[in-house]
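Open the model in your viewer and keep the selection panel at hand. The stops below go from a pair of helices to the residues around them.

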Amino acid sequence: PVWTRMPESLKQQLAARSEVQQDQFLYREGLRFIREEPGRFLALTARRLFYFWWFRPGAGSGQSPYPPHWILAYQLVYGVVLVAVGVGVWAARSEWGRLWPIYALFISLTAVYSVFFVHTRYRMILEPFLLVLAAHGMVVVAGRIRPWVVPPVPSVRER
């Protein structure tokens, strides 16, 4: 889709260059864009950051083998997981020293993909860690609501 939206003059400039020259040219053009439009660059970066942790518009459409209702179900489940991750991270805040490698992975991948290019699949490397933190969050929540929902079981000594 990028090539179909590209101005004809830019297509001609790229066609006259080797792949290495194209890379160098586009690199310089990217830096020029950042210098000339820093506000727009930051807004686009913030949008990519959001898309990294959620879903791009149209993600799963087009050539996806999955029906739209499956994608909606995935988004619902993923939303619940993200909330549980938030609880798990908050509950583990005193363990920052031991968990910093995981958090550093989250931060570094988020930063890199937010600046360059983002696809939902790029976050897959983080999902096992997200699930562990989500499980921790669910255990914390279950421990807090259990006394209200399930009466305590008497110990052997109390029987």
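This is a predicted model: local features need pLDDT of at least 70, side-chain atom pairs count only at pLDDT 80 or more; totals for chains, interfaces and linings use all residues.

Stop 1: Select residues 38-53, helix α4, and residues 96-115, helix α6. Their axes lie 8 Å apart, at an angle of about 130°. Angles over 145 degrees would count as roughly antiparallel and 65 to 115 as roughly perpendicular, so α4 and α6 are oblique to each other. The crossing of the two helices is right-handed.

**Stop 2: the contact.** Show side chains on both helices. From α4, the contact takes in Phe-41, Thr-45, Arg-48, Leu-49, Phe-52 and Trp-53. Facing them in α6 are Phe-106, Leu-109, Thr-110, Tyr-113, Ser-114 and Val-115. Sorted by class, the contact of α4 with α6 consists of 8 nonpolar, 3 polar and 1 charged residues.

**Stop 3: the core.** Next, select Phe-52, Trp-53, Val-85, Tyr-103, Phe-106, Leu-126 and Leu-130, which touch the most other members of the 18-residue largest nonpolar core. At least two residues of this core come from each of α4, α5 (68-91), α6 and α7 (127-149).

**Stop 4: Phe-106.** Which residues does Phe-106 contact, leaving aside neighbours within four places in sequence? They are Trp-53, Leu-126, Phe-129, Leu-130 and Leu-133.

**Stop 5: Val-85.** Move to helix α5 and pick Val-85. Val-85 has a relative accessible area of 8%, and is therefore buried by the under 20% cut-off. Not counting residues up to four places away in sequence, Val-85 touches Leu-130, Leu-133 and Ala-134.

Note on methods
Residues are numbered from 1 along each chain as its sequence is written. Side-chain values use heavy atoms; hydrogens and water are left out. Axes are lines fitted to C-alpha atoms, for helices over the stretch in contact, and angles run from 0 to 180 degrees between N-to-C directions. Helices (H or I, at least four residues) and strands (E, at least two) are DSSP runs, numbered from the N terminus. Angles under 35 degrees count as roughly parallel, over 145 as roughly antiparallel, 65 to 115 as roughly perpendicular and the rest as oblique. A crossing is left-handed if the near helix is turned anticlockwise from the far one by less than a right angle, and right-handed if clockwise. Contact means heavy atoms within 4.5 Å. Ala, Val, Leu, Ile, Met, Phe, Trp, Tyr, Cys and Pro count as nonpolar, Asp, Glu, Lys and Arg as charged, and the others, Gly among them, as polar. A nonpolar core is a set of buried Ala, Val, Leu, Ile, Met, Phe, Trp, Tyr and Cys residues joined through side-chain atoms within 4.5 Å. Buried means under 20% relative accessible area, exposed over 50%, partly exposed in between (1.4 Å probe, protein chains only).
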